[in-house]
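Colleague: I have a model open and a list of labels. Take me through what stands behind them.

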Amino acid sequence: MTEWEPIETAPKDGRLILAWEEPDITYRLTFWGSGEWRYYPFGVECYPTHWMPLPEPPQEGDRK
């Protein structure tokens, strides 16, 4: 898996990312929308400090 990166380097094209937020000390699915970071799926504004891309989904042959 990818290492955590500073939030300043995260894509701002609306795709979902995994974001880390302090002081909540939690990670959530997050996206850039309306000029700010928002939790998915509710769209609540958040202030993450780090991010990483989501992993690729399993391929058809990987499922058991």
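Colleague: What makes strand E2 mostly covered?

Modeller: Four of the five residues in E2 (residues 17–21) are buried. Buried means under 20% relative accessible area, exposed over 50%, partly exposed in between (1.4 Å probe, protein chains only). Strands are DSSP runs of at least two residues, numbered from the N terminus. This is a predicted model: local features need pLDDT of at least 70, side-chain atom pairs pLDDT 80 or more, while totals for chains, interfaces and linings use all residues. Residues are numbered from 1 along each chain, and side-chain values use heavy atoms, without hydrogens or water.

Colleague: How do you know that E2 and E3 pair?

Modeller: Pairing takes at least two DSSP bridges between two strands. E2 and E3 have five, in the antiparallel sense. Glu21 stands opposite Thr26 in E3. The two strands form a hairpin with four residues between them. Ile25 in that turn has a positive phi of about 50°.

Colleague: What makes E2 and E5 a pair?

Modeller: Four bridges, again antiparallel. Leu18 has Met52 in E5 as its bridge partner.

Colleague: Why is Thr30 called buried?

Modeller: Its relative accessibility is 0%, so Thr30 counts as buried. Thr30 sits in strand E3 (residues 26–33). Beyond four places in sequence, its contacts (heavy atoms within 4.5 Å) include Ile17, Trp37 and Cys46.

Colleague: And why is Leu54 called partly exposed?

Modeller: Its relative accessible area is 34%, so Leu54 falls in the middle class. Leu54 lies in the segment after strand E5 (50–53).
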